[in-house]
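These are my notebook entries on one protein chain. I wrote them while looking up, one place at a time, what could be read from the structure shown here.

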Amino acid sequence: MNKPLALKLAPTSIKDVIGQKHLIGKDKIITNLVKNKKIFSMILYGPPGVGKTSIANALVNDLGVKYRFLNATINNKKDFDIVVEEARMYDGLVLIIDEIHRMNKDKQDLLLPQLESGLITLIGMTTANPYHSINPAIRSRCQLFELQELDEEDIIKGLKKAIKHPELKDIKIDNKAIKLIAKLSGNDLRYAYNLLEISFYSTSDKVVNEEIIRKINSKPVFFSDKNGDGHYDVLSGFQKSIRGSDVDASLHYLARLIEEGDLDSIYRRMSVIAYEDIGLANPGIGPKVDAAINAAERVGLPEARIPLGTIVTEMALSPKSNTAHTALDEALKDIEEGSVGTIPKHLKTNSEEYKYPHNYKGSYVVQQYLPDKLKNKKYYHPKDIGYEKQLKEIYEKLEKLKEQL
């Protein structure tokens with residue numbers, strides 16, 4: 001079998017794992033589990049290439065326990081049945097499950113009592129957030145360990161280890177090329193190993209330089225996962241950066257979304273931000289966002305980045321207000337809690353007591369609009385910023401007139 005270099009470099013002991021210093025090292029949790037020869041059911045979660053499989057395999061290897069490896073998507077219920085029978089035969093077994101968030105109900109029902117009894121010790125692995133994606137019954141029986149992204153220093157350390165492997169004998173590579181691979185890997189050590197390996201075999205003289213590497217891949221890899229948490233984390237970073245008025249961060253996350261080619265998500269999120277975060281402080285931003293979206297749709301990528309970059313810059317620098325939608329949320333809460341009241345008689349259909357505001361000076365007349373039960377309720381609390389400052393002046397003037405009632 002033609003095993004990839006990344007697999008050949010997989011650590012066989014916890015002490016050989018790269019990164020995850022919050023879990024591995026002197027007096028750290030996983031290192032102490034090995035030291036104390038004890039293992040508990042756990043879920044390792046984090047982006048690809050950070051060491052979930054490496055830690056799981058190194059852990060069972062260090063402890064010398066019997067284990068089996070299954071994939072929740074690929075392996076069927078029969079495979080799980082076999083593992084349970086093996087666990088009974090050996091009086092205990094560690095089961096490593098990749099993509100555990102995809103485990104269906106039949107497999108969960110089979111596994112739960114074995115976890116409860118201790119017959120099976122589970123090590124689950126997933127790129128998804130276990131608090132959202134994993135069955136609570138499974139989750140409650142496991143310790144959750146979040147694996148952090150590797151930094152460039154970690155990737156470089158792994159690459160320097162890799163070039164000493166016998167398979168890369170006589171490789172000629174300098175620190176600049178190693179650093180470029182680390183940069184292009186997007187903090188994914190597996191990807192870095194793969195790029196190093198293909199770069200090596202793509203040469204005739206075993207010289208791996210920046211030119212060779214860029215011919216193979218010139219774009220950095222980053223974890224997005226359009227169907228998982230990574231994608232939504234980027235969208236979340238995008239919105240929160242605009243909300244926080246950080247132009248540079250806003251453009252960074254916009255660039256990541258553009259790199260995915262996911263224009264629809266960009267359009268939807270910008271439309272929300274225009275009204276949720278900017279709102280009445282700059283109400284003209286909504287039509288501007290629509291115009292930018294129409295322009296981006298009309299020209300397509302790569303030119304779509306131009307109107308998108310322009311409008312996102314303006315959105316980030318715009319004054320912000322969330323008062324309108326939070327006011328509505330308060331009103332909705334009253335409705336949900338049954339705090340409604342009867343509509344005033346003069347507001348009912350065809351009421352002769354209704355005063356038509358346009359017949360009065362300033363198109364305003366003092367009369368009660370809220371039901372008696374909510375007569376003095378205030379949902380809207382204006383901010384003294386941007387266009388809303390003008391609205392606040394009008395609001396306060398009208399509120400003083402209401403006091404005459």
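Before I look at any side chain, I note that a polar contact is a pair of N or O atoms within 3.5 Å, where within protein one must be able to donate a hydrogen and the other to accept it, and where residues adjacent in sequence count only if both atoms are side-chain atoms. I also note that this is a predicted model, in which local features need pLDDT of at least 70 and side-chain atom pairs count only at pLDDT 80 or more, while totals for chains, interfaces and linings use all residues. Residues are numbered from 1 along each chain as its sequence is written, and side-chain values use heavy atoms, with hydrogens and water left out.

**Entry 1: Q367**

I looked up Q367 and found its side chain reaching the backbone oxygen of K355 at 2.8 Å. Q367 lies in the loop between α17 (323-336) and α18, where helices (H or I, at least four residues) and strands (E, at least two) are DSSP runs, numbered from the N terminus. Is Q367 buried or exposed? Q367 counts as buried because its relative accessibility is 6%; buried means under 20% relative accessible area, exposed over 50% and partly exposed in between, with a 1.4 Å probe and protein chains only.

I next turned to S241, which sits in helix α12 (residues 229-243) and counts as buried, at 10% relative accessibility. A polar atom of the S241 side chain lies 2.7 Å from the backbone oxygen of G237. Which residues does S241 contact, leaving aside its neighbours within four places in sequence? I found D246, A249, S250 and Y253, with contact meaning heavy atoms within 4.5 Å.

S245 lies in the loop between α12 and α13 (247-260), and S245 is partly exposed, with a relative accessible area of 38%. The phi of S245 is near 60°, a positive value in a residue other than glycine.

**Entry 2: backbone exceptions**

I reminded myself that most residues other than glycine have a negative phi, and that most peptide bonds are trans. D91 also has a positive phi, near 60°, and is a residue other than glycine. I placed D91 in the loop between α4 (77-90) and β3 (93-98), and D91 counts as exposed because its relative accessibility is 68%.

I then found a cis peptide bond joining L301 and P302, with omega about 10°. P302 has its place in the loop between α15 (285-299) and α16 (305-317).

**Entry 3: K397**

K397 belongs to helix α18 (residues 388-402) and is exposed, with a relative accessible area of 58%. I noted that K397 and L301 are 96 residues apart along the chain, and that their C-alpha atoms are separated by 49 Å.

**Entry 4: the whole chain**

How many helices and strands does the protein chain have? I read 18 helices and seven strands. The C-alpha atoms fill a box of roughly 90 × 55 × 40 Å, taken along the principal axes. Of the 405 residues of the protein chain, 42% count as buried. Among the contacts in the protein chain with a separation of 6 or more, 73% are between residues 24 or more positions apart.
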